[in-house]
Amino acid sequence: MDSARQVFTVDLLERYAAKGRGVITCMAAGNDVIVLGTSKGWIIRHDFGVGDSFDFDLSTGRPGEHSIHRVFVDPGGSHCIACIVGTGGADTFYMHAKWSKPRVLTKLKGLVVNAVAWNRQQITEVSTKEVILGTDNGQLYEIAVDEKDKKEKYVKFLYELIELPEAFMSLQMETATILNGTRYYVMAVTPTRLYSYTGIGLLDAIFASYLEHPVRFMELPGEIPNSELHFYIKQRRAVYFAWLSGAGIYNGGLNFGAQHSSSTGDENFVENKALLAYSKLSESSEIVMPTSMAVSEFHFLLLIGNKVKVVNRISEQIIEELQFDQTSESASRGIIGLCSDATAGLFYAYDQNSVFQVSVNDEGRDMWKVYLDMKEYAAALANCRDPLQRDQVYLVQAEAAFNSKDYLRAASFYAKINYILSFEEITLKFITVNEQDALRTFLLRKLDCLAKDDKCQITMISTWTTELYLDKINRLLLEDDTALENRNSEYQSIIKEFRAFLSDSKDVLDEATTMRLLESYGRVEELVFFASLKEQYEIVVHHYIQQGEAKKALEVLQKPSVPIDLQYKFAPDLIMLDAYEAVESWMATNNLNPRKLIPAMMRYSSEPHAKNETHEVIKYLEYCVHRLHNEDPGVHNLLLSLYAKQEDDSALLRFLQFKFGKGRESGPEFFYDPKYALRLCLKEKRMRACVHIYSMMSMHEEAVALALQVDPELAMAEADKVEDDEDLRKKLWLMVAKHVIEQEKGAKRENIRKAIAFLKETDGLLKIEDILPFFPDFALIDDFKEAICSSLEDYNNQIEQLKQEMNDATHGADNIRNDISALAQRYAVIDHDEECGVCRRKILTVGREYQLTRGYSTVGQMAPFYVFPCGHAFHAQCLIAHVTRSTNEAQAEYILDLQKQLTLLDGESRKDSNGPLTDETLTSMAPVDKLRSQLDDAVASECPFCGDLMIREISLPFILPEEQYSSTSWDIQSRNLGNQRSLSLSL
């Protein structure tokens, strides 16, 4: 075999490893640490991790010759147990990696230890935890050693073989933590048997339980002196075991979580057991037993003679033979044994002088072929390293299923092949054997395996699959006439499957191509289903309408994703198909424009309807007008036209009288076209409605004229509506009066009485002389005597009333003239010590500052002042200042502006006063008097102390905002008065 392809390779690690301390008798390894035992009682320890080596002589102080019987190293390489045998008996030593010399385990003196089981899950660098020892007299012991104690913590006797006393040759232990404690699993081998122990709790209690019931064991024929038991460890957990027995290599899987309990209560944690017979290891008939063994993940390493045969554990075939480069003196003895370092993943072989290292190079690389040859396809796939390997596994499975005519299963496997077989080759296989179902299955599975980027291939395969589905559906219909009625038929099942496929593939199928396919095969329901998936709602709705299923069509239209235009497009068909459902759907749909539904509603309205049938269009239009407050004239006109066609005009009149725009700041009170409404009502002979429309259009004469044809009472009501035009109102009443007089057919005197009664209804608007022209010329005056006298009396009363009003007006004018004359002579008396209400200085005091008041001229030596009827007097300047300060800002600015204008005009008049007094000068003084009058009105319209100005000042605060700072300056500040001394004053 090519060395580059070899799984296991041998390298010489050390030629003279015994270092002259005798010959090598045994060896153990763990975590890059190897320990050798020699024939002269020496222990040689090599630590490749740190690169040091130590030698220990265990025979020191012991008489005679002694040889190391067995050495054992824990998986971490920290703990070592060695058994030395000689003429002086047997002793067992413990040695820690940090100790300078080993310690003898005195309680084990005289016992030959053949096997050691380490607690791999719990052992640490400083403590061995529980360790089980097996001796050559068939006994098991438990010991524990802590590095700090320098001696064993305890040694307990556990168990002894009574039925068939044999030496324990090898031990393995595993633990598992469960809810109620720790479960121990122990396996031990003798030359003929494999024992298994398990239990929860302490080891001594577990083994003590086997005194009451027999232990589980496996006994194989034959006997081997060097019986060995090995666990393969993966991620610190044993995966499988192998026992080198007399009959062969007995092996099996380990499942420490299994709950397969035996009748004795023991947990059977061994599964998938097998026996590799030694006969398979040799081509000749002679059976040669191995002398030692080691295990890897997939292989057994068996030492036979001076060679190591590597046997695949799964296929039980020899894949390699390893040769060793031995010295001439060692060749005669051959390889003594094998050992493994599970932690480092290495194997070692040793003879008397040398140590060889066996390395593993990707032993699982060809395991997929091994499993494939054994037809264990799941395991083969699990061990594949690349897609090509997986394709080969799928191909073998597919070919096997195809050859056995299991075409559907073959299709599933063919779909997973990507490289070694083309798509065309696979499809031709199924087409050749005319297996359409298998071909469809292959295409479906192929779609599952394709990447999303292969859009073109996905679309093509999906389209082909669609056609295969349609072909299958048609064939089923031809084969079974009852397929449509039978819900459990294959036809119904394939329909469901096809629809599910369409739902999954709607985004990859070409819309036009798929619809043509469905149409060509006559699958209308599937066409509608696919159209719904592709949101081609027009096709869906059209189909439902053709089937007469208006409710389903409306349900489609109500979906949020459906364009609103489809509502308008199908409205005529839907309302004719089911008016009630259509209108209910419209009322439940938001953002629907009723104007666009007018063609549909007009079509429905043009059809005859039963007398008591609810008019659905009227119901919808009333909903739009009253609930949605629709203002579209077309909607209102349509509703009005439908009302006009009804026999009962009450709804029409209510509609016309309802003010839809009421409450708006601007805009009409109604939204229908009154001219159209008038023409329509005239056409339909709805005269009362016409009267209302005429009145609404302010065509009162036409309204009254038409109302007189219908009902005189209606005409009176219309005439009485005019309130702002007395002449028009009188004219309308005269029209009514004329009609009433001319229509009466009774006796003359009776007609006159009715006419007189009619005059009373006009509330005096009409007089007897207004209606006299309507009577015939030959009517006797005696019949009107009472009415004429009454009219003359009314006129006489009116004349007298006018005379009285004229006398009252004359008397009022005289009074006004007397008041004007009195005002010219009005005066007020002021005491010489009268004070100004603001400055508190005397009114008659002459002061320079008062003489300079703006806008006023002084009277002699006195300053201008105001005197009010209440008695308060103010200097003009003081009054202006007070009012300006107390009134609002706008009024204050107005007063100041008037003062400014007076000052300017007064200054100009003074400049001109030096010249002669002309007409122009007199003219220029008129504006000054006007401004002074305006100023008087602004500041002296009422007394500031008695009028509204004083009342408004009540609400002002005592301290104004601008005085706040001055106010706070008077606050009493708190200070610390504790240190001030108080003085008491005696009175």
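Me: Why is Y197 called buried?

Reply: In this predicted model, local features need pLDDT of at least 70, side-chain atom pairs count only at pLDDT 80 or more, and totals for chains, interfaces and linings use all residues. Residues are numbered from 1 along each chain as its sequence is written, and side-chain values use heavy atoms, with hydrogens and water left out. Buried means under 20% relative accessible area, exposed over 50%, and partly exposed in between (1.4 Å probe, protein chains only). Y197 has a relative accessible area of 1%, so Y197 is buried.

Me: What makes Y185 and F256 a tilted pair?

Reply: Rings of Phe, Tyr and Trp (its six-membered ring) pair if their centres lie within 6.5 Å; planes under 30 degrees apart count as stacked, over 60 as edge-to-face and the rest as tilted. The centres of Y185 and F256 are 4.7 Å apart and their planes stand at 50°, so the pair is tilted. By this rule there are 33 aromatic pairs.

Me: Why is the pair of Y185 and F256 said to tie together parts of the chain?

Reply: Y185 belongs to strand β15 (residues 181-189), while F256 is in the loop between β20 (248-254) and β21 (270-277), so the pair joins parts 71 residues apart in sequence. Strands (E, at least two residues) are DSSP runs, numbered from the N terminus, as are helices (H or I, at least four).

Me: How do you know whether F256 is buried or exposed?

Reply: The relative accessibility of F256 is 9%, so F256 counts as buried.
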